[in-house]
Amino acid sequence: MRSRKTNIFFGIDWVLVLLYFVLIFFGWINIYSATITNDQYDLINFSTEYGKQLIWIGLSFPIILLILLFDAKFYEKYASIIYLISLASLLGLFILGKNINGATSWYDFGGFSLQPSEFVKAATALAIAKLVSDKQFNLKKFNTQFQAFLILFFPAILITLQPDPGSALVYTAFIFVLYREGLPFYYITVGFLTLVLFVITLYLGFIDTLLGSLLLFVIILIYFIKYRKKAFKRGWIKLLGVYFISAFFIFSVDLVFNHVFEQRHRDRFNILLGKTTDTKNIGYNTNQSVTTIASGGLTGRGFLEGERTQGNFVPEKQTDYIFTIVGEEWGFVGTTTVIIVFVLFLLRILQVAERQKSKFSRVYGYSIASIFFTHFTINIGMVLGILPTIGIPLPFFSYGGSALWGFTVLLFLFIRLDANRSYEW
C-alpha cells in the first residue's frame, strides 16, 4: 500500500500503455503525411494541423497524470456526479455551443474548440459500471433494465439533437456490456429487428412501412385467433402493445430522419440504400477513399509519396478518412498491421477486464472495449464504403484534440482502475 501511495505508476498495465503509444505514434505519422506541404518537409510548424496534434498529444500527459493521481475508489464513488456533469456539458451546448459543419457540438474558447461528447462516453461508462456493480442490481428485472437504458438514452438523445447522430450511435455499443452482465438475449433480437425496421422505414417511407406493419399485425392476429386461441386470450394485450410500439418507432424514425438529420445525412442514407443516384457527387469522399486505398497495392507508395492523398483527392483525409493515408502510403501490409495492433489493443482490454476483482472495474473495462470496437469498426467500414459516412473518428488516428483526449481518458481511467485490483474494495 505504501508503494501505491508514493508511486502513481505502481501496478499499471504497461502493455496497454505501450499499445496506446504505438497507436498514437502511427496516428500522428499519418496526420503529418495528410497535412504536410512540399515546402514544410522536416519542419514542425505548430500552426499546422500536424503541429496542433503534436501539442494535443503533449497535453495528454498532464491528463494521464491527473487521472492516475486520483484513487480508483474516487471514480466509483463519484461516478453518478461525473455523469450528471457530463450531461450538463451537453445541455450547455444548446445555449453556448458553436456551430461547426452544421452541428452545435463544440464550445469555443477563443479559437480553441472542445467537443464535450467525446468525454461523455467515459462518464456514461462509469455510470453504467456504477449501476451494474450494485449488489441489488439484477438485469433480469425490467425496472433495472429500464434504469440502464435510461442512462444511455439521455446522452444519446442530447447528442442526436445537436445534430450528431454518428456520435450518438456509439451508445448502442453498451448493449454488449449489458448482455455480458446478464441482459436477456431477446434484447439482442429486438435490437436486430429494430435495426431492420429502421432500414425498411428509411427505404419505404413512413406510410408504406406503417401499412405494411399493420398488414403483418392483422395476419398474426388472424393466426392466433384461429390456431392459438388460448395464447391469444393470454397475450393479446402484449401483442397490441408490440404493434403500437412498432408504429411509434416507425413514426419517430421518419420524424428524426426528416426533421433532425440534415440534408447531407439524408442524402448519404438514400444513396447507400439505392433510393437516389449520386447526381450531387455526395458519395465523392467514399469513392475517392476506396480508390485511394486500392492504389496502395501490397506495400504502398511510400511515406509522403501518396499521389492521391498528397493531391487532396480525399476530403477530410486527416479526420474521418485518415485510414486512406495508411492504405495508399503503406499498402495492404500497413493497413493489416494497423488492424492487428487495434485487435491486440481490444483483446488486451478484454483480458485485463476479465482479471478484475471489482465488478465496477470489469464492467467499465468491457464498456470501453465496446466503445473502441464500435469506433474502429464503423470508421473502417465507412472508409471502405460498406457503411454510410457518419463522422466517427478512428481512435488515436483521426485529427482532433477532443477525440484524442476523450479516448485517452477512456483508456487511462481503466488503467487506473486496474492498477488497484490487488487491493480490497
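Mentor: Let us start with Glu181, which counts as buried at 13% relative accessibility, where buried means under 20% relative accessible area, exposed over 50% and partly exposed in between, found with a 1.4 Å probe on protein chains only. The side chains of Arg180 and Glu181 meet in a salt bridge, with 3.7 Å from N to O; the term means a side-chain nitrogen of Lys or Arg within 4 Å of a carboxyl oxygen of Asp or Glu.

Trainee: What should I know about the source of these values?

Mentor: This is a predicted model, in which local features need pLDDT of at least 70 and side-chain atom pairs count only at pLDDT 80 or more, while totals for chains, interfaces and linings use all residues. Residues are numbered from 1 along each chain as its sequence is written, and side-chain values use heavy atoms, with hydrogens and water left out.

Trainee: How many salt bridges does the structure hold?

Mentor: The general idea is that side chains of opposite charge can pair when their charged atoms come close. In this structure there are eleven salt bridges. One of them joins Arg355 and Asp13, at 3.0 Å from N to O. Arg355 lies in the loop between α16 and α17 (359-383), and Asp13 in the loop between α1 (2-6) and α2 (14-35), so the pair ties together parts that are 342 residues apart in sequence. Asp13 is buried, with a relative accessible area of 4%, whereas Arg355 counts as partly exposed at 31%. Salt bridges that share partners also join Asp13, Arg348, Arg355 and Asp418 into one network.

Trainee: Which residue forms a salt bridge with Lys121?

Mentor: The partner of Lys121 is Glu118, and their closest N and O atoms are 2.8 Å apart. Both residues lie in helix α6 (residues 117-132), three residues apart, about one turn of the helix. Lys121 is buried at 4% relative accessibility, and Glu118 is buried at 4% as well.

Trainee: How many helices and strands does the chain have?

Mentor: The chain has 18 helices and three strands. Helices (H or I, at least four residues) and strands (E, at least two) are DSSP runs, numbered from the N terminus.

Trainee: How does one describe two helices that pack together?

Mentor: Two packed helices are described by the angle between their axes and the distance between the axes. The axes of α6 and helix α7 (residues 142-160) come within 10 Å and cross at roughly 170 degrees; axes are lines fitted to C-alpha atoms, for helices over the stretch in contact, and angles run from 0 to 180 degrees between N-to-C directions. That makes α6 roughly antiparallel to α7, since angles under 35 degrees count as roughly parallel, over 145 as roughly antiparallel, 65 to 115 as roughly perpendicular and the rest as oblique. Contact means heavy atoms within 4.5 Å, and the residues that make it include Val120 and Leu131 of α6 and Ile151 and Pro155 of α7. By class, this contact has nine nonpolar, three polar and no charged residues. Here Ala, Val, Leu, Ile, Met, Phe, Trp, Tyr, Cys and Pro count as nonpolar, Asp, Glu, Lys and Arg as charged, and the others, Gly among them, as polar.

Trainee: At what angle do the axes of helix α14 and helix α16 cross?

Mentor: The axes of α14 (residues 284-294) and α16 (residues 323-354) cross at roughly 30 degrees and come within 7 Å. That makes α14 roughly parallel to α16. Among the residues in contact are Ser289 of α14 and Phe323 of α16. The residues of this contact divide into two nonpolar, four polar and one charged.

Trainee: What is the order of the strands in the sheet?

Mentor: The open sheet of three strands has the order β1-β2-β3, with antiparallel pairing; two strands pair if DSSP finds at least two bridges between them. β1 (98-100) and β3 (112-114) stand at the edges with a single partner strand each, so one side of each is left without a neighbour in the sheet. Three bridges join β2 (residues 103-109) to β3, and the bridge partner of Asp108 in β3 is Ser113. Helix α5 (residues 79-96) packs on the sheet, touching β1 and β2, and its direction makes about 90 degrees with that of β2.
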